[in-house]
Structures are given as C-alpha cells and as structure tokens.
Amino acid sequence: MLCALGAAVCFGTATVLQAMAAREAADAGGGGDAALLLRALRQWRYLAGLALDGLGFLLQIAALRSIPIYAVGAALASSLAVTAVVAARLLRVRLSGVEWGAVAVVCAGLAMLGLASGTEGDRSGSAALKYAMLGTAVGVLLLGTVGGRLPGRGRALLLGLGAGFGFGVVEVSVRLIDSLKPYDLLTNPATYALLLGGGAAFLLLTSALQRGSPTTATAGIVIGETIGPAAVGVVWLGDRTREGLTWLAVLGFVVAVAGALLLARFGEAPTADTAPVTEPTRPRS
C-alpha cells in the first residue's frame, strides 16, 4: 500500500509543479503549444514534475505487483487530494470547507482499504483475458473517435471515461506480464495492451481537457480507471481482502472514490487564480 500511496503523492505533486512551470512559461511570451512546451521544459519545476511522474509510475508498477488492483486504483484516484493540498500551499488556492472535507473522506477511505486489503491475487490470468485487454485498448481508440463528435459535457464525460478505461487497461496489463524476458514480452498480448491502452488514454485525456470541462473529464477518468480494473482483479485474478473484512474494503473503496470525485476539479492543477490549467500531466496508470 505504501508504494501506491507514494505513487499518488508523486503524481499529485507533479501536477502542481508542472502547472506552476506552465504558468511561468505562458507569462514569458506568446506562441503556440509547441513554443509553450519548449519554454516549460526550461523550467526546473516542469522537469521535476516529469521526474516525479516517472518515479510515480515505477511505484505504481511495484504496487500492482504486490497488492490488489482495487487498492491501487483507489490510491491513485487519491492523487487529486494530494494535488488539492499542494495547490493550496504552493499556488495559494483557497479550498472550500467541502473540499477539505473531501480530502478527509479520501484519507478515511484509504485507511479502511489499507486495513482490509489482502495480498495480490495468485492467478496469472488466462490468454483470453490478455487478448480481452488488447481488444479493450483498441475499443478505447474507437471510443475516442465517437466521443469526439459529441457536444459539450457529454463529449468530455465520454472521453474522460475512455481515458480512464485506457489507464485501467494499463493497471490490469501490468499484472498479466509475468516475465520480462524479451521473447516473452514480445509474444505476450498484454504487452501490446499496455502500450496501446496507455497511448490511447493520453490521446483521449488531451482531447477531453481541450474540448470540454476538465471537472467532468476527470470525474470520468476516476470512474473508468477504478471500478472496471477492480472487478477484473477480484473476478479473474484472485484479488481478495483480509478474512472477514470484505465489507470494510468495499466501504473504503467507495468512500475513497467518492472523495476523489468531489475533488475532480483538481484533475488539472489550478493556477493562482483558481482556474484549471489545460495541459494534461499524468500517466497515473
């Protein structure tokens, strides 16, 4: 659980650092997105954020290899709480009482999950499940094509859900890769599911945040990357809770995800004037 929480801290802090760097880059001059990115890459905060993203991804992989997927997914959703707290400190964003309450709710949910979570499931995953993940990754790309044609709020929600499904594919695929030998990796459908799912998720995330409400898109991501992968872990990979504590794990999962949804506006770190930045930052799955 510590690795999952560490990943959440890394992702949440990285979002704020990159938002600060993007703001400074925007203040330094005009130009298109490419020029803004080049200026941001000269900012130490942006580079530090990228480094934290990389560290967070490594911690996420370690967590997925040691604890159930449902615990990892809920912990990663809690990165929104980290972003909110760090933004309040570094960007001087004023959190409402409801938002501080949501942070407390997330922490309570994670505490319940930590107490109830068992060890990683002992099932390796069938070949059918590996191909199913690959098919799901392809489906995420197709969903992006459909979602991009919808108007307003529906587009942001569908694209956000698609991005969440893509990140969920990454979570499950990590568990389905049981050998790092080159031949085994090249012949494992889960390897291609991981790469395609992650790439599709980034594309849909970018589109969702540029063409719709960041809050709506982030809510879709939280739902998409937690519920489905958790179900796969329990049903097909043997993820379990500690004996007699299934109810506590379910309650903790629901509470943590509900708190993250209340903090959905922090899916993109707010700037100093509390407006969300439109630059996506995370792998987060």
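This is a predicted model: local features need pLDDT of at least 70, side-chain atom pairs count only at pLDDT 80 or more; totals for chains, interfaces and linings use all residues.
The chain contains 12 helices and zero strands. Read from the N terminus, its elements run α-α-α-α-α-α-α-α-α-α-α-α. Of its 285 residues, 53% count as buried. Contacts between residues at least 6 apart in sequence were also examined. Of these, 83% join residues at least 24 apart.

Helix 6 spans residues 97–116. At 1.5 Å a residue, its 20 residues should span 28 Å. The end C-alpha atoms of helix 6 lie 29 Å apart, which agrees with that expectation. The buried residues of this helix are E99, A102, V103, V106, G109, L110, M112, L113 and A116. Helix 6 packs against both helix 12 and helix 5.

Helix 12 covers residues 246–262. It packs on helix 6 at an angle of about 155 degrees, and the two axes are 7 Å apart. Helix 6 is therefore roughly antiparallel to helix 12, as the angle is over 145 degrees. The crossing of this pair is left-handed. From helix 6, the contact draws on A102, V105, V106, G109, L110, M112, L113, L115 and A116. Helix 12 contributes L248, A249, L251, G252, F253, V255, A256, G259, A260 and L262. By class, 16 residues of the contact between helix 6 and helix 12 are nonpolar, three are polar and none is charged.

Helix 5 (residues 79–90) meets helix 6 at about 135 degrees, with the axes 10 Å apart. The two helices are therefore oblique to each other. Helix 5 passes helix 6 in a left-handed crossing. On the helix 5 side, the contact is made by A81, V85 and A88. On the helix 6 side, W100, V103 and V106 take part. The contact of helix 5 with helix 6 comprises six nonpolar residues, no polar residues and no charged residues.

Y70, A74 and A77 in helix 4 meet A249, F253, A256 and A260 in helix 12. The contact of helix 4 with helix 12 has seven nonpolar, no polar and no charged residues.

Helix 11 (residues 214–236) has 23 residues. Its first and last C-alpha atoms are 33 Å apart, close to the 33 Å expected at 1.5 Å a residue. G238 follows helix 11 and has a positive phi, near 80 degrees. A48 lies in helix 3 (residues 44–64). A48 is partly exposed, with a relative accessible area of 24%. A48 and T13 are 35 residues apart along the chain, and their C-alpha atoms are separated by 9.7 Å.

Conventions. Residues are numbered from 1 along each chain as its sequence is written. Side-chain values use heavy atoms; hydrogens and water are left out. Axes are lines fitted to C-alpha atoms, for helices over the stretch in contact, and angles run from 0 to 180 degrees between N-to-C directions. Helices (H or I, at least four residues) and strands (E, at least two) are DSSP runs, numbered from the N terminus. Contact means heavy atoms within 4.5 Å. Ala, Val, Leu, Ile, Met, Phe, Trp, Tyr, Cys and Pro count as nonpolar, Asp, Glu, Lys and Arg as charged, and the others, Gly among them, as polar. The expected span of a helix is 1.5 Å times one less than its number of residues. Angles under 35 degrees count as roughly parallel, over 145 as roughly antiparallel, 65 to 115 as roughly perpendicular and the rest as oblique. A crossing is left-handed if the near helix is turned anticlockwise from the far one by less than a right angle, and right-handed if clockwise. Buried means under 20% relative accessible area, exposed over 50%, partly exposed in between (1.4 Å probe, protein chains only).
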